[in-house]
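The coordinates come first, and my notes follow.

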Amino acid sequence: MITFKIKRYNPEKQAEPYFEEFQLGETDDLTLLDCLNQIKWTLDGSLTYRMSCRSAICGSCAVKANGHAILACQKQASQLVKDNDTITLEPLGNMKPIKDLAVDFKPFWDKVDKVNPYLQPSKKSPEKETKQSPEQFKLIDDASTCIMCGACYSDCNVLEVDDNFLGPAALAKAQRFVQDSRDGNTLARVKELSKPGGIWDCTHCGECVERCPKPAEPFDRIKEIMTVALEQGVTNNNGARHALSFTKSVKSSGSLNENIIPVESVGFFNAKGLFDLLPVGLRMLFKGKNPPILHKSIDDVDDVKRIYRELNE
Amino acid sequence: MKFALFTGCVAKGATRELMLSTMKSAEGLGIEFVEMKSASCCGAGVVSEKNPLLADALNARTISIAEEQGLDLVTICSTCQGILKKTECHVDSDPAYKEKVNTVLEEGGHQYAGGKVKIQHFANVLGTEEGLTLLRDKVKRPLTGLKTAAFYGCYVLRPSELSLYEDPDNPTGMEEIFKILGATPVYYESRTKCCGFPIIMMNKDASHDMAGNALIDAIDSGADCVVTGCPLCHLSLDAYQPEIDKMNKKGCSIPVLHLPQLVALALGYSPQELGMDKHIISTTRLDKILA
């Protein structure tokens, strides 16, 4: 016997969401989606959720189970059972619920739309197909597996506090075009993606990779765009300056110079940015917590410098 | 127990109290740490933004140094831990890539073998049966009455395949340590979330909001202090707490300890010996609870 504690919401009847419990006896070999269907077909026909393919292909049935986004059709209910044989089900996070487990995906699609998710070739279309080598395809293979289920968007730690962030799904989709050998708009794309709300606002929490039901793994794709942006010389922003300053610091001493990196990240001529660093800097100085003024190199720093030279850095 | 200690950069810089308390914990527990003085920065997932191969080469070099020492590697930073494990995974899973990395290392006299040493966070070492027994035997001043909220740090949890915690969505390793020390763990939703530190230079408000939400969650759950295994989380949660306090209507004030500080307190060291006077948010209120 499994108890499904489901967050119910119907604004036409009750303004506030509430939890309702349903119990199913025979759940062996059933996916979570099978269980939701059983509840809807036999216990309460008004239960609302999205579903379609039942094969982890369409991306419709993502919900939060025990606090984390999953595809309901991809997990056996028995694998999700927590204490007291219960599974808690809620709608995806970071989007507004419409009814029960169905949420409004509009902001999600708007952000995907913002990254121009289509090829923008620089050359005229060839008479026949444009060929890609296996190596070229490999660069976009992972991102191409995204099924737009919204699981990453739901659990993204940045979106919980900042609606302006494009979010992991849209950025993974962007990588699929930034690194597509047939696309001719790479520079313009990475310039746009380097603006506030873009790649450099990703906080490295890894939630999107953890929740992604496919190999798309958005955080890894976001990092690939960062590398391309730096290669393309799109460096007039704090994120890019931070990456460059960090890499330079390790090159010169083998370790981080924490006094220099914040200054180089905001930019030497950014008066407001530098002023903003003052309170925390003074606070740490006052407590004797500031990093040592004379930055010490690691032993054998020459080997680290040699590695940088060997890799043309 | 003897380990190669990978200190990371921040424990030698802005959170020197972490290094101090780590060495006191080791002294009190009889653990021998051999500091890896020629190991470079792990890159914190930032060097790999510039050049992924460079980051992996530097970290493979670090792991190879532990291999040469014949000692398992211990980190005291969640970020270092996760980044070193990522390199281990990248290099171990692709023989051609491993050869490429080793070609880069060759001239420096290092070769990454793989599979020879374990890479563990200090919390993982203390969380083993042997570690918990050692702690149980050495606790001199049980932290009775102290309600402690663990803040794990993303990189020791995600991706879960590389995490050393059994259930990274619901880890209990730090809380198990708290119980042995006599403290009362507080379980709260934000303990596995991000502190926002990686974007503190790019999106300050979002960064502080993330840290603030976690701190308020810990306070609302009844915690006396937050305890973290990551010095970057510590900076975000402690050094920037005055800004976070101002941003929140309800206000926000809670001491944030490094895990080795909590351990060493229970081993009988004084807060001053553990650099707790260096914190931005005063920890003196904890003295009253422990008095």
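Before counting elements, I noted that helices (H or I, at least four residues) and strands (E, at least two) are DSSP runs, numbered from the N terminus. I also noted that this is a predicted model, and I read every value below as computed from it.

Entry one, chain A as a whole. I looked up the secondary structure and found 13 helices and seven strands in chain A. The C-alpha trace of chain A spans about 70 × 65 × 40 Å along its principal axes. Of the 313 residues in chain A, 50% count as buried, and its accessible surface comes to about 15500 Å², with 51% of that belonging to carbon and sulfur atoms. Taking the contacts in chain A with a separation of 6 or more, I found that residues 24 or more positions apart account for 64% of them. For charge, I recorded 41 positive and 44 negative side chains in chain A, the centres of the two sets lying 5 Å apart.

In soluble globular proteins, nonpolar side chains tend to be buried together. Here the largest nonpolar core has 151 residues, and I noted A:Phe4 and B:Val226 as those with the most contacts inside it. Helix α3 of chain B, residues 52-69, gives the most to this core, with nine residues. A second, separate core holds 47 residues, among them B:Ala11, B:Val156, B:Leu265 and B:Leu267. I then went back to B:Val226 and listed its contacts beyond four places in sequence, which include B:Phe151, B:Tyr188, B:Leu215, B:Leu237 and B:Ile254.

Is A:Ser194 buried or exposed? Its relative accessibility is 8%, and because buried means under 20%, A:Ser194 counts as buried. Its side chain reaches the backbone oxygen of A:Val190 at 2.7 Å. Leaving aside neighbours within four places in sequence, I found A:Ser194 in contact with A:Ile199, A:Trp200, A:Ala229, A:Val234 and A:Asn237.

I read its relative accessibility as 6%, so A:Thr27 counts as buried. Not counting residues up to four places away in sequence, A:Thr27 touches A:Ile2 and A:Cys35.

Key
Residues numbered from 1 in each chain as written. Chains lettered and ligands numbered in written order. Predicted model: local features only at pLDDT ≥ 70, side-chain atom pairs only at ≥ 80, totals over all residues. Heavy atoms only, no water. Core = buried A, V, L, I, M, F, W, Y, C linked by side-chain atoms within 4.5 Å. Buried < 20%, exposed > 50% of the residue type's maximum accessible area, 1.4 Å probe, protein only. Contact = heavy atoms within 4.5 Å. Areas by Shrake-Rupley, 256 points an atom, 1.4 Å probe, with all protein chains shown as cover. Lys, Arg positive; Asp, Glu negative; His and termini not counted. Charge placed at Lys NZ, Arg CZ, Asp CG, Glu CD. Polar contact = N/O pair within 3.5 Å; in protein donor to acceptor, adjacent residues only side chain to side chain.
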